[in-house]
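Student: Can we go through this one together? I'd like to start with the ligand.
Tutor: Fine, have a look first.

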Amino acid sequence: MNSSDPITREALRYFQGSEGCELLVQAAATDQNPLRIQEQLRRSFPAEMCRAGLALVELRQRAGKKFMRAEEMFFDREGLEMATREEVAHYRAWRLRDCEKIMDLCCGIGGDLLALGQHAEVLAVDADRRRLAMAQHNSQVYELQQVRFIAAEAQSLRMNVDAVFVDPARRSGQRKRRGEGYSPPLSWVADLRTKVSRLAVKVGPAIPEEDLPPDCEVEFVSSGASVARERSILANWPQQAAARRSYPNATPSKPPPDPTLWWHRPGPISSIPTPPWCVRIYSTN
Ligand SMILES: C[S@@+](CC[C@H](N)C(=O)[O-])C[C@H]1O[C@@H](n2cnc3c(N)ncnc32)[C@H](O)[C@@H]1O
């Protein structure tokens, strides 16, 4: 955690109580100059909670582009930047729709978890306790019933589930392009396909081809009008061979020739939002 980040675990606990809730309501209700608001809030609330509250309100406003219930959720700046957008998370959860028990091994603030937990029992893991507390709160905002939380290093756990989803951290300090710079490293993550029946991994759009395991489906995923935001590696899918398509020259900016594949819409799943939140995907090996 960045030591200057005011959104501490103590602040999160405070915002779950009635006084903290009132602070957040007052902080969000005004469009005055931030210094003036802070001065006003400090008359009624502890100074460090005012700083945290204003930071959280600003993140909630930004998060509106990613999450429908952003104004009730908890975030830290980096956790929000790394979080999967809701529509993409729904798409990936759809790909895991026949798994009953899933481990979300690096759950962060819960971007993917919020979609996975709508149709499966999920064990959410993160090494960072503060972020795990955010994911826990966010799962309550989305009224998830079947989620459990564990603060742990992913590598220390036994995988006794149907499927594992991993979104490794790609930016401690600076962005990591290579799989070995991820946390946990991509080689460790890719080995999980020998231990579980399904494995899905989110990787960055700029990861070099040679870092991707050769025997997996690789999918580019984007949303709205953007080109690919990320790739997913999917291992051990039934009929994977049939689902694979070979587009040797395909890149995020140069999609495969068949527009029906490029515009493939997953479904049926009721929670997939309709356009303009349309998920565009194509698969390549
Ligand atoms: C990219 S973020 C996950 C984002 C999440 N999928 C979402 O949509 O909100 C990666 C997370 O992995 C966690 N992490 C990094 N290394 C880890 C490890 N070895 N074990 C468990 N969690 C780890 C970080 O604390 C961070 O919250």
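**Ligand, core and loops**

Tutor: Among the 22 residues around the ligand, the nearest are Ala83, Cys106, Gly108, Gly111 and Asp167; a residue counts as near if its C-beta atom, placed from the backbone, lies within 6 Å. This is a predicted model, where local features need pLDDT of at least 70 and side-chain atom pairs count only at pLDDT 80 or more, while totals for chains, interfaces and linings use all residues. Residues are numbered from 1 along each chain as its sequence is written.

Student: What classes of residue does the shell around the ligand have?
Tutor: The shell has 10 nonpolar, 6 polar and 6 charged residues. Ala, Val, Leu, Ile, Met, Phe, Trp, Tyr, Cys and Pro count as nonpolar, Asp, Glu, Lys and Arg as charged, and the others, Gly among them, as polar.

Student: OK, new topic. Which residues have the most contacts inside the largest nonpolar core?
Tutor: They are Phe75, Ile102, Leu116, Ala124, Val164 and Phe165, in a core of 73 residues. Such a core is a set of buried Ala, Val, Leu, Ile, Met, Phe, Trp, Tyr and Cys residues joined through C-beta atoms within 7 Å. Buried means 20 or more other C-beta atoms within 10 Å of a residue's own, exposed means 12 or fewer, and partly exposed is in between, with C-beta atoms placed from the backbone.

Student: Where does the largest share of this core come from?
Tutor: Helix α4 (residues 47–63) gives that share, 8 residues. Helices (H or I, at least four residues) and strands (E, at least two) are DSSP runs, numbered from the N terminus.

Student: And why does the core lie between domain 1 and domain 2?
Tutor: Because domain 1 (9–63) and domain 2 (81–284) both give residues to this core. The bounds come from an automatic or database domain assignment.

Student: What about β5, which way do its residues point?
Tutor: Arg198, Ala200 and Lys202 point one way, Leu199, Val201 and Val203 the other, and all are buried. In general, side chains in a regular strand alternate between the two faces of the sheet.

Student: Where is Glu143, and is it buried or exposed?
Tutor: Glu143 lies in the loop between α8 (129–141) and β3. Glu143 counts as exposed because it has 9 C-beta neighbours inside 10 Å. Its phi is near 55°, a positive value in a residue other than glycine.

Student: Last one: which residues does the cis peptide bond join?
Tutor: Ser183 and Pro184, with omega about -5°. Pro184 sits in the loop between β4 and α9 (186–191).
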